Amino acid sequence: MTADTEAEVSEAQIAVHWKEEPLIEPPRSFVKQANVSDPSVFERFSEKNFPQCFEEYADLLSWDSRWHTVLDTGRPPFWKWFVGGKLNASYNAVDRHLPKHRNKAALIWVPESEDEAAQAVTYQELYNRVNEFALVLKEFAGLNAGDRVTFHLPMVPELPISMLAAARLGIIHNQVFGGFSARACAERMEDSKSTVLVTIDGYYRNGGLIDKKKEADVTVEEAEKLGIEVEKVLVWRRHPGKYISRSPMVEGRDFFVDEVARPFRGRTIAPTSMDAEAPLFLMYTSGSTGKPKGIQHRTGGYLAYVAGTTKFVQDLRPEDVYWCFADIGWITGHSYIVYGPLTNAATSVMYEGVPLYPDPGRPWRIAERLGVNIFHTAPTTIRMLRKAGPDEPSKYHYRFKAMTTVGEPIEPEAWRWYYEVVGKKEAVITDTWWQTETGGFLCSTMPALAPMKPGSAGPGMPGIYPVIYDENGAEVPPGQNRAGNICIRNPWPGIMQTIWGDPDRFVSVYYSKYNRDGQSKDWHDWPYFAGDGAVQAADGYFRIVGRVDDVIKVAGHRLGTKEIENAVLTTPEVAEAAAIAMEDELRGHVPVVYVALKPGSALMKGLEDVIKGNVVRELGPIARPRFVYVVPDLPKTRSGKIMRRVLASISDRKDYGDVTTLANPDVVETIRKQVQAT
Ligand code: PRX
């Protein structure tokens with residue numbers, strides 16, 4: 001879906017028809033033991049108790065000093081939470097659990113190869129390693145509270161250790177998803193003005209070794225082109241004492257963490273008491289322009305929100321073994337592999353590799369062997385596992401009490417396989433709708449208190465008051481079968497603080513659309529615009545239909561079509577490019593690119609592959625287009641806007657509708673024939 005609404009129907013006008021799915025009650029075995037089984041939670045978090053209701057989440061944390069104001073609305077929409085409070089995120093995730101849980105596994109890390117044993121990192125060991133690396137960041141790399149540090153790390157325990165070490169000193173961490181390219185990492189270093197890069201020599205994926213240090217060398221070069229001098233590259237080693245990269249270490253720039261940490265072995269450093277409003281981390285994400293946005297999350301509100309929602313929705317307790325099969329490089333991992341579970345003193349499982357390695361039984365073997373009882377993943381993974389091994393789960397003797405799905409809409413058929421086969425009808429499912437910007441869950445059922453509905457996320461979370469508006473700001477009431485823009489009427493503690501270095505963009509992207517009065521200090525006038533189309537059923541459950549802007553979700557990963565187009569335009573022969581999301585049975589959507597060449601450029605053999613290669617170089621393998629079509633011209637409106645929706649319909653082999661008002665209507669049929677002949 002694109003923002004080029006000229007001559008198009010807006011999301012808000014689309015009537016959505018689907019079969020209303022029957023409600024399914026949560027299993028009794030789950031309800032009996034649930035953290036939240038008292039319906040008074042809805043009353044406690046109702047609008048009349050807002051914003052004080054969120055003190056219940058903040059009280060799950062240990063504070064150095066208590067806040068004097070729960071919510072400060074003095075400068076909308078830059079809300080402040082738990083103002084006056086002081087705390088440390090690393091202390092809350094690690095130190096405070098030592099008296100009771102010292103010897104309990106905080107993390108269990110599963111390497112991809114089944115020949116390599118899983119590693120348990122106890123809370124005591126996590127404490128030791130976090131302290132040692134915090135000392136490296138401070139004493140060796142010279143970083144202090146408020147500085148930014150960039151990580152380009154895969155799914156290894158050193159990633160949460162690095163995050164918690166930074167948080168211990170108030171250093172703002174900026175983890176770049178491992179599947180993003182060196183160039184993408186360099187851009188994020190430049191935007192955040194970060195001069196220390198933390199990486200690893202290599203890791204394993206799909207049976208192969210990925211040389212990550214080699215990539216770091218390119219990151220340094222690319223950063224230099226952008227005007228950032230990377231002073232230090234800190235390199236963790238995947239195997240102790242052994243270097244598995246082919247890239248030579250650059251003297252005075254590259255350092256092995258194990259070597260520089262030696263003087264700090266066994267030493268500790270006190271956690272820095274941070275203001276609740278001090279930034280905790282940046283997470284870059286895609287939006288409507290080519291430049292990713294540095295979503296800035298605060299310490300107190302964010303931590304309170306993920307601690308509370310983990311407890312309420314994931315139903316996590318210290319005795320649980322919880323596995324969120326996502327990547328820590330995305331917000332799901334930050335909130336629901338690291339900060340949410342660890343503040344709740346749980347055991348959080350991390351897996352290095354891909355779902356189907358070496359066969360589709362792998363995730364269920366991991367679950368059986370580690371005694372996982374709470375499981376969390378994305379619809380793409382569910383679809384993939386179902387296709388490759390529909391009967392595999394029944395061969396393994398794990399028992400889940402709760403399961404979550406996140407990141408993209410799940411179709412009822414895949415939902416039912418998840419429920420019946422993966423969960424063995426014993427586990428409750430929560431379909432959690434939220435975003436990088438929102439810190440934690442926005443819509444979900446409360447698992448012991450509301451029935452499940454396949455394909456629907458459910459109502460707003462406690463204390464979250466969603467609404468659907470049409471393009472003119474009128475509310476679309478429930479039960480109309482009409483999609484509109486889902487918005488959240490109120491602020492909540494997990495909402496981002498701002499976009500790093502770009503407060504105007506923060507206001508214009510998320511608030512200007514439905515703001516009623518730019519001068520108002522009343523939060524009621526500032527609904528949060530999420531950028532998703534949704535429909536609300538008569539019973540109040542929301543079904544998310546997809547993005548209304550230029551963001552696409554590819555296998556649950558968030559990418560911007562404009563970023564892909566910019567990458568394509570680095571190909572000298574290309575004059576114009578349009579990236580669209582094509583429907584895909586397994587991955588939800590995949591990127592497809594249409595290009596028109598510059599006059600005089602002949603179609604050279606292999607140009608499609610060159611273009612694909614350029615996208616991978618600029619953005620990373622996750623953005624690789626499935627198809628590249630070189631076409632005579634791109635369909636445009638008379639004012640020159642590219643009609644991406646027409647191209648998407650052609651790729652999806654759907655009716656592209658009436659195109660007679662376009663500037664070049666004839667080209668549409670030419671393109672259709674070309675695409676459908678392949
Ligand atoms: O379109 C929505 C989709 O993912 C987008 C946010 O992506 P990201 O910031 O990467 O965060 C993903 C993890 C929270 C949303 O705007 N989305 C997320 N969860 C769901 C979803 N779509 C449907 N159902 C969900 N449960």
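**Reading charges and burial**

Visitor: How does Asp-633 count at 27% relative accessibility?

Guide: Asp-633 counts as partly exposed at that value. The classes are buried (under 20% relative accessible area), exposed (over 50%) and partly exposed in between, with a 1.4 Å probe and protein chains only. The model is predicted, so local features need pLDDT of at least 70 and side-chain atom pairs count only at pLDDT 80 or more, whereas totals for chains, interfaces and linings use all residues. Residues are numbered from 1 along each chain as its sequence is written, and side-chain values use heavy atoms, with hydrogens and water left out.

Visitor: Which side chain meets Asp-633 in a salt bridge?

Guide: Side chains of opposite charge can pair when their charged atoms come close. A salt bridge is a side-chain nitrogen of Lys or Arg within 4 Å of a carboxyl oxygen of Asp or Glu. Here Asp-633 meets Lys-636, at 3.7 Å from N to O. Lys-636 is buried, with a relative accessible area of 15%.

Visitor: How many salt bridges does a search of the whole structure find?

Guide: The search finds 49. One of the pairs is Glu-259 with Arg-237, whose closest N and O atoms are 3.4 Å apart. Glu-259 lies in helix α10 (residues 257-260) and Arg-237 in the loop between β11 (232-236) and β12 (254-256), so the pair ties together parts that are 22 residues apart in sequence. Helices (H or I, at least four residues) and strands (E, at least two) are DSSP runs, numbered from the N terminus. Glu-259 is partly exposed at 41%, while Arg-237 is buried at 14%.

Visitor: Which residues are linked in a network of salt bridges?

Guide: The network links Arg-183, Glu-187, Glu-222, Lys-225, Arg-617 and Glu-618. Between Arg-617 and Glu-618, the closest N and O atoms are 3.1 Å apart. Arg-617 is partly exposed at 44%, and Glu-618 is buried at 16%.

Visitor: Which buried residue has no salt bridge, although a side chain of opposite charge is 5.4 Å away?

Guide: That residue is Asp-327, and Arg-205 is its nearest side chain of opposite charge. In counting charges, Lys and Arg are positive and Asp and Glu negative; His and the chain ends are not counted. The place of a charge is taken as NZ of Lys, CZ of Arg, CG of Asp or CD of Glu. Asp-327 sits in the loop between β16 (321-324) and α12 (331-343). Its side chain reaches the backbone nitrogen of Gly-329 at 2.7 Å.

Key:
A polar contact is a pair of N or O atoms within 3.5 Å; within protein, one must be able to donate a hydrogen and the other to accept it, and residues adjacent in sequence count only if both atoms are side-chain atoms.
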